[in-house]
Amino acid sequence: MTTPTPPEPEIGEVVLGNSNARFSGVTSTMLQVLPYQQKLLSLSVLGNHNLPHGTPTVTFVECARKLRTPLPNGRNRVFHARRNNEILQAVALKYLFGAKIQIVFTATAQRHPTWITRWLISKADGLITTSNAAAAYLPRAQDIIIPHGIDNERYAPPASKTEAWKSLGLPGDFGIGIFGRVRPQKGVDLLVDAMISILQRSPNNKATVVIVGETTQKFEPYLQTLKNRIQLAGLEERFHFLGKQPFEKIPELFRGMSLVTALSRNEGYGLTVLEAMSSGCAVLASEAGAWKDIIKTDAFGKIVPIDDLPATKSALESLISNRPEALEVMGQRARQTILEQYRVEEEAEHLVNFYRTIQESTT
């Protein structure tokens, strides 16, 4: 008796690109908004990397075969790409395989695009960006600016920062964190060098620096250089490199921090600041990404120029000098700002409304 072939899954009215097997900031933004989009429309994800169990996925071959037919209402599906190789997939589907799709691309990079990126953007039916800073680098005007939101239930402050810090099992009285891959772009060296100087001058300061993120083989020498500087200063107990952590562990780490730094030299958007704010942390960020748009006053953090060690050191000294009271108050203000302005539900609604607008252009 032959086993019947299971029916192929239907493809939703929106296809989301998911081309990178390595977890990244782009992956995080997609995953956080995904469940809220699913409440508003049917969708499928091209690529099964890092997805929650039960997420509808589809292969490129299935897209090539099935997307030649529009939706029952006569509208085209939307293919939402966030990376160059994802929009390339969409372009191939539309122009080589005759897929009935409208291509939406989210561009966040704060650098002038290469010729291939400019060409790919020219093929997009809808162009989204996430901040005014990123918009300035686009080769054509964006259709809409949709800032990223944050899942404020996943990233929530603890009842007690002191207890949350203790639960991590790290030394010192409070934590200063930096999250992201350990490489020069992320400015980890700026935090290390600034804190070495501060701790040498103020040995009674009980701050512990926590570096969370993967180091790829290419940047192992960079990591070793940082560790050598720390060892030379005799401060090994004050700096802890936790490496790559599971996705489900990240909120716990944020909750334990009193201050989170984001000192990138170049950034697309930079979700770390929002995750930290939602977790009740004060923040210190460079002017990269969207952070200059987000941190407009000293109410819950500080902004420093990109790659400016003296300014970074000065801001850190100011922020941690009155710990814990001042940082806790700033963290509370940061959380309130997230609830008022950066909810992931709103991001999902704005995206879905934009998809509808793009779909209407085909009817």
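Select helix 6, residues 161-167, where Glu 163 and Lys 166 both sit, 3 residues apart, or about one turn of the helix; helices here are DSSP runs of H or I of at least four residues, strands are runs of E of at least two, and both are numbered from the N terminus. The two side chains form a salt bridge in which the closest N and O atoms are 3.9 Å apart, a salt bridge being a side-chain nitrogen of Lys or Arg within 4 Å of a carboxyl oxygen of Asp or Glu. Glu 163 is partly exposed, with a relative accessible area of 47%, whereas Lys 166 is exposed, at 54%; buried means under 20% relative accessible area, exposed means over 50%, and partly exposed lies in between, with a 1.4 Å probe and protein chains only.

Before moving on, note that this is a predicted model, in which local features need pLDDT of at least 70 and side-chain atom pairs count only at pLDDT 80 or more, while totals for chains, interfaces and linings use all residues. Residues are numbered from 1 along each chain as its sequence is written, and side-chain values use heavy atoms, with hydrogens and water left out.

**Other salt bridges**

The structure holds 15 salt bridges, and a second one to display is that between the side chains of Lys 94 and Asp 125, at 2.9 Å from N to O. Lys 94 lies in helix 3 (residues 84-95) and Asp 125 in the loop between helix 4 and strand 6 (126-129), so the pair ties together parts that are 31 residues apart in sequence. Lys 94 is buried, with a relative accessible area of 18%, while Asp 125 is partly exposed, at 29%.

Next, select Asp 298 and Lys 302, whose side chains meet in a salt bridge of 3.5 Å, N to O; Lys 302 counts as buried, at 19% relative accessibility.

Asp 307 is found in the loop between strand 13 (301-304) and helix 12 (309-320), and with 45% relative accessibility it counts as partly exposed.

Asn 50 lies in the loop between strand 2 (43-46) and strand 3 (57-58), and at 33% relative accessibility it counts as partly exposed.

**Helix 7**

Moving to helix 7 (residues 188-201), pick out Leu 190, which counts as buried at 5% relative accessibility. A distance drawn from the C-alpha of Leu 190 to that of Leu 242 gives 18 Å, for two residues that are 52 apart in sequence.

**The nonpolar patch**

Switch to a surface view and select Leu 88, Trp 115, Ile 116 and Trp 119, which form a nonpolar patch with about 440 Å² of accessible area together. Patches are made of residues with over 30% relative accessible area and no salt bridge, like charges being joined within 9 Å and nonpolar side chains (Val, Leu, Ile, Met, Phe, Trp, Tyr) within 5 Å; the areas come from the Shrake-Rupley method with a 1.4 Å probe, and for residues only the protein chains shown count as cover. Helix 4 (residues 115-122) gives the largest share of the patch, 3 residues. Ile 116 is found in helix 4, and at 31% relative accessibility it counts as partly exposed.

**A cavity and a pocket**

A search of the whole structure finds 1 cavity of 30 Å³ or more, a cavity being a set of points on a 1 Å grid over the protein atoms alone where a 1.4 Å probe fits but cannot get out, whereas a pocket is an open set with protein on both sides within 12 Å along at least five of seven lines, and lining residues have an atom within 4 Å of a point. The largest cavity holds about 40 Å³ of space. To outline it, select His 80, Arg 82, Thr 106, Ile 128, Thr 130, Ile 146, His 148, Glu 347 and Leu 351.

Finish at the second largest pocket, with a volume of about 190 Å³, where a volume is the space filled by probe spheres set on grid points joined across faces, edges and corners. Its lining has 13 residues, of which Leu 31, Gln 32, Pro 35, Pro 52 and Phe 247 lie nearest the centre.
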